[in-house]
Amino acid sequence: MTQNKGKALIIGAGIAGLSSAYYLLQKGWEVEILEQNDLTNNCSYGNAGMIVPSHFTPLAAPGVVAQGIRWMFDSKSPFYVKPSLNSRLISWGLKFLKHSNQSHVDRSASAIRDLNLASSILYNEIAQKDGFDFELNQNGILMLYKTEKVAQEETELAHKAISMGLRVDILDKAGIQALEPNTQLDVIGGINYKCDGHMNPMKLMQQMIAYLKNNGVIFHTHHQVKGFETSGNYIKAVIANDQKFTADRFVMTGGSFLPELAQKAGIKIQLMPGKGYSLMHRPENPLSQIEHAALLLEARVAVTPMDGQIRFGGTMELASHHDKINMKRVEGIIQSIPKYLPDFQVKMPKESEIWFGYRPCAPDGLPYLGESSRLKNLIIAGGGGMMGLSLGPVFGKTVSEIANEQKPTADIHIFNPERFN
């Protein structure tokens, strides 16, 4: 029997929080989780379900700013920043501008690649355990393009990926079509990132919660953190719902609410919520089901086969949290689908059929992962942006390693959670 290492309190029941609980449990920790909502919906549920070693380029990269400015004036575009005098957005934007350069991309690429590759291996291990069947499929993700300009950009990126040791095929129209024999592709070519994969995130989350509960993890839902009780450089307790929760180690995940959470502990974390939408579509002809997850590149739309259906998702809307669904942005997703996949004539869904969630986006496009230097028993794991689900297991494994005072397997120095303090 594994020796009890102490008690860990995790704040946030997204994939980072659940994965942290999973690996801490394996090392003999007693684990409790605080979650401000219930366990039926957060950003880990409705996303595209992609595992993406291919995403080694951070969001802050050359060309993103110019493209973003052009898109801002189109209500259906894939990217939108709501103009605001919000000091948080201004501070985030200035740091984003500072990091949108090639040297930042070159410094970050290997570390992002390695983190995603490590997480991909961990997903394979989790999928082998009893009680887990979340449609994991490591058959690659297709990058589909319709224009010569994007073809050239993606081919250059693919060669970079190959030079970094990733498994990649650059394919012409016939080659990419051969990978999808059951549906027509209206594209000029594509890249198959064979290093990538996909899954059903809803099943993953439900099965992870069931596993944790069956193994003694206690969940406290509808518990919003009000503050932290500290002594010197250590957290003694978390205050939530007028209760004190004590522990030996505290893990702060929190998704897109991480800045507000960190602020209550006296730590500054720069992050903006990037709102995205998704919807499920059941093909009229079940034989036209797609085999691979894909990205429709010019449209920035993600396509994932899932439980006999297809999930379409996209848009990046940087603004404060709000519950309003912008139907124009959903319309942009819907209108782009038949331009790449003519067999799929997707009807505009009702507002009640649309899921939305917030990607936690750091201004340099890098996650926050590591131990706090200010509060010695606090570990922070979040800010994965569009890689959040992909990075979940490696976040959790790293949290467990830090809690057990082991050197993290992954090189995480570039992801220092207090780098903007």
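Select Met272 and Cys361 first: in this predicted model, Cys361 in β18 is the bridge partner of Met272. Strand β14 covers residues 272–281, and β14 and β18 run antiparallel to one another, joined by seven bridges.

Is Cys195 buried or exposed? Its relative accessibility is 8%, so Cys195 counts as buried. How many disulfides does the model contain? With a cut-off of 2.5 Å between cysteine sulfur atoms, the count is zero.

Next, go to His99, in helix α3, which spans residues 87–99. The relative accessible area of His99 is 14%, and because the limit for buried is 20%, His99 falls on the buried side.

Then show helix α1 (residues 15–26) together with helix α7 (residues 201–214). Their axes come within 10 Å of each other and cross at roughly 35 degrees. The crossing of α1 with α7 is left-handed. For the side of α1 that takes part, select Ile15, Leu18, Ala21, Tyr22 and Leu25. These meet Leu204, Met205, Met208, Ile209, Tyr211 and Leu212 of α7. Colour this contact by residue class: 11 residues are nonpolar, and there are no polar and no charged ones.

The last stop is a sheet. Which strands form it, and in what order? It is an open sheet of three strands, ordered β10-β11-β12, and the pairing is antiparallel. β10 (225–231) and β12 (243–246) are the edge strands, each with pairing on one side only. Looking across the sheet, neighbouring strands are turned against each other by 30 degrees on average, with direction ignored.

Finish on the pair formed by β11 and β12. Strand β11 takes in residues 234–240 and pairs with β12 in the antiparallel sense through four bridges. To place the two strands against each other, select Val238 and Phe245: Val238 stands opposite Phe245, which belongs to β12.

Conventions. Residues numbered from 1 in each chain as written. Predicted model: local features only at pLDDT ≥ 70, side-chain atom pairs only at ≥ 80, totals over all residues. Heavy atoms only, no water. Buried < 20%, exposed > 50% of the residue type's maximum accessible area, 1.4 Å probe, protein only. Axes fitted to C-alpha atoms, helices over the stretch in contact; angles between N-to-C directions. Left-handed = near helix turned anticlockwise from the far one by under 90°. Contact = heavy atoms within 4.5 Å. Nonpolar A, V, L, I, M, F, W, Y, C, P; charged D, E, K, R; others polar. Pairing = 2+ DSSP bridges.
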